[in-house]
Amino acid sequence: MHSTISQADTLITPTTDRPDPQAAPPMAELRPYPATPLLRGASARDEEIELVWDDGERASIPLLWLRDHCPCEACRHHQTRERLIAPLNEAPESAEVGLEAGHLRLRWADGHLSQFAAGWLYQRRPAAVDASALPARQAWCEAFTPTRVAHADIFTPGGEATWLEALLRDGLVLLDGGPLADEEVSRIAERIGPQRPTNFGARFDVRSKPNPNNAAYTAIGLALHTDLPNWRQPPDIQLLYCLQNEAQGGESLFADGFQVAEALREQAPEHFRLLSELAIDFRFQDETQDIATRAPVIECDASGQVVEIRFNNWIRDTLRLPAAQMTAWYRAYHHFWTLLHSPRYQLDFALAPGQMVAFDNRRVLHGRRAFDPNTGARHLQGTYLDRDMLESRLRVLARDS
């Protein structure tokens with residue numbers, strides 16, 4: 001998949017002027033519930049309510065579920081809308097069922113009244129598609145080209161949603177044409193949510209410096225890795241914003257850990273099993289910090305799907321495995337390393353000043369080629385975000401659209 005990206009490949013072009021950074025952002029206005037069919041029928045059957053909407057859609061909803069979701073102010077806080085009632089363990093004895101202007105009205109046996117909007121029920125009926133569903137993760141193919149969004153568009157709902165969707169789906173997205181402004185990466189990050197601080201701070205500078213405590217702060221080449229696998233919960237999303245890049249070399253490298261892990265599983269199932277089942281130690285130490293954890297290189301969920309990659313050869317600590325497993329583990333690890341660094345699976349390009357790359361740190365591995373600091377300055381600013389905040393922001397954009 002070895003490919004080079006040019007700045008001219010922008011998929012989304014600016015449509016609005018950049019907003020005044022001093023102006024207060026507009027308050028988000030909660031829109032009324034989207035137009036949906038009203039109810040034309042409701043009847044009790046056993047411990048369920050049979051509902052029929054004007055468009056012919058039908059659903060059976062348990063009485064227990066309806067009582068649990070009563071929206072009245074005795075059951076939900078009038079401001080936060082959080083549930084106030086204790087959990088239920090059985091269905092109410094009965095309910096008097098009625099319709100009022102096409103919406104459901106239930107009078108329970110104890111006299112409590114619950115009223116449900118037809119549209120709210122329609123969106124939550126068992127057969128309904130979740131309108132807030134997030135984009136599914138997709139492993140890269142060999143022809144993968146990352147989505148590119150113009151910097152000005154990140155400040156519009158459509159452009160921001162496209163950027164978020166691509167990042168959640170593909171694990172990597174580019175932002176083009178930004179200003180050469182200090183802390184611009186922080187301004188973009190904080191549109192999404194608070195920056196995730198680590199032992200390197202909330203926002204960090206990537207450039208060579210004397211007495212570095214991390215290989216990123218040197219001019220050497222960096223093999224593909226994920227950041228901070230020594231943390232119990234490594235940062236989810238990394239943003240890297242280029243302010244200067246005049247030095248010779250320093251091209252950025254990326255590989256989709258999900259794609260390569262599946263290639264490993266196909267080529268050598270036993271190697272995949274060893275890396276996904278055997279936990280190893282990761283550890284970072286300097287004068288003030290000693291952060292360590294133990295986890296497998298490849299993490300799978302209960303169904304066997306790959307959900308996380310922890311790969312950083314610099315801070316892989318002493319291998320603590322039974323002696324009989326060590327040689328097999330090293331062979332599996334070397335095989336994974338070799339696949340990751342194969343040009344077939346790598347994406348490489350030089351970040352231009354004003355360009356930002358964002359990627360899923362628990363999936364996409366990143367690195368760079370060596371550069372010569374004597375030929376020009378190279379300065380990137382970076383920060384991390386929690387994936388939860390990206391998902392939250394995308395749901396808010398979908399809700400307000």
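Start with the largest nonpolar core, which has 29 residues. Here a nonpolar core is a set of buried Ala, Val, Leu, Ile, Met, Phe, Trp, Tyr and Cys residues joined through side-chain atoms within 4.5 Å. Buried means under 20% relative accessible area, exposed over 50%, and partly exposed in between, with a 1.4 Å probe and protein chains only. Select L275, V297, I298, I309, W329 and F336, the residues with the most contacts inside this core. At least two core residues each come from β13 (252-256), α5, α6, β14 (280-285), β17 (306-309) and α7 (323-340). Helix α7 gives the most, with six residues. Helices (H or I, at least four residues) and strands (E, at least two) are DSSP runs, numbered from the N terminus.

The model is predicted: local features need pLDDT of at least 70 and side-chain atom pairs count only at pLDDT 80 or more, while totals for chains, interfaces and linings use all residues. Residues are numbered from 1 along each chain as its sequence is written, and side-chain values use heavy atoms, with hydrogens and water left out.

Next, select I298 and show its contacts (heavy atoms within 4.5 Å). Leaving aside neighbours within four places in sequence, I298 touches A261, L264, F272, L275, S276, V306, E308, I309 and F336.

Now display α5 (residues 257-267) and α6 (residues 269-277), whose axes come within 5 Å and cross at roughly 130°. Axes are lines fitted to C-alpha atoms, for helices over the stretch in contact, and angles run from 0 to 180 degrees between N-to-C directions. The two helices are therefore oblique to each other; angles under 35 degrees count as roughly parallel, over 145 as roughly antiparallel, 65 to 115 as roughly perpendicular and the rest as oblique. From α5, A261, L264, R265, E266 and Q267 meet P269, H271, F272 and L275 of α6. The residues of this contact divide into five nonpolar, two polar and two charged. Within α6, the residues F272, L274, L275 and S276 are buried, and their cover includes α5, β16 (298-300), β17 and α7.

Move to the open sheet of six strands, in the order β7-β8-β19-β11-β22-β9 with mixed pairing. Two strands pair if DSSP finds at least two bridges between them. At the edges stand β7 (148-150) and β9 (203-206), each with a single partner strand, so one side of each is left without a neighbour in the sheet. On average, neighbouring strands of this sheet are turned by 20° against each other, direction ignored. Zoom in on β8 (residues 172-176) and β19 (residues 356-360), which run antiparallel and are joined by four bridges. There, V173 stands opposite A358 in β19.

Helix α3 (residues 157-170) lies across β7, β8, β11 (237-245) and β19, at about 150° to β8. Helix α4 (residues 184-192) lies across β8, β9, β11, β19 and β22 (378-385), at about 15° to β22.

Finish at the hairpin of β5 and β6. Four bridges join β5 (residues 103-108) to β6, and the strands run antiparallel. Four residues lie between the strands, and G111 takes a positive phi near 95°. R105 stands opposite Q115 in β6.

How values were computed. Ala, Val, Leu, Ile, Met, Phe, Trp, Tyr, Cys and Pro count as nonpolar, Asp, Glu, Lys and Arg as charged, and the others, Gly among them, as polar.
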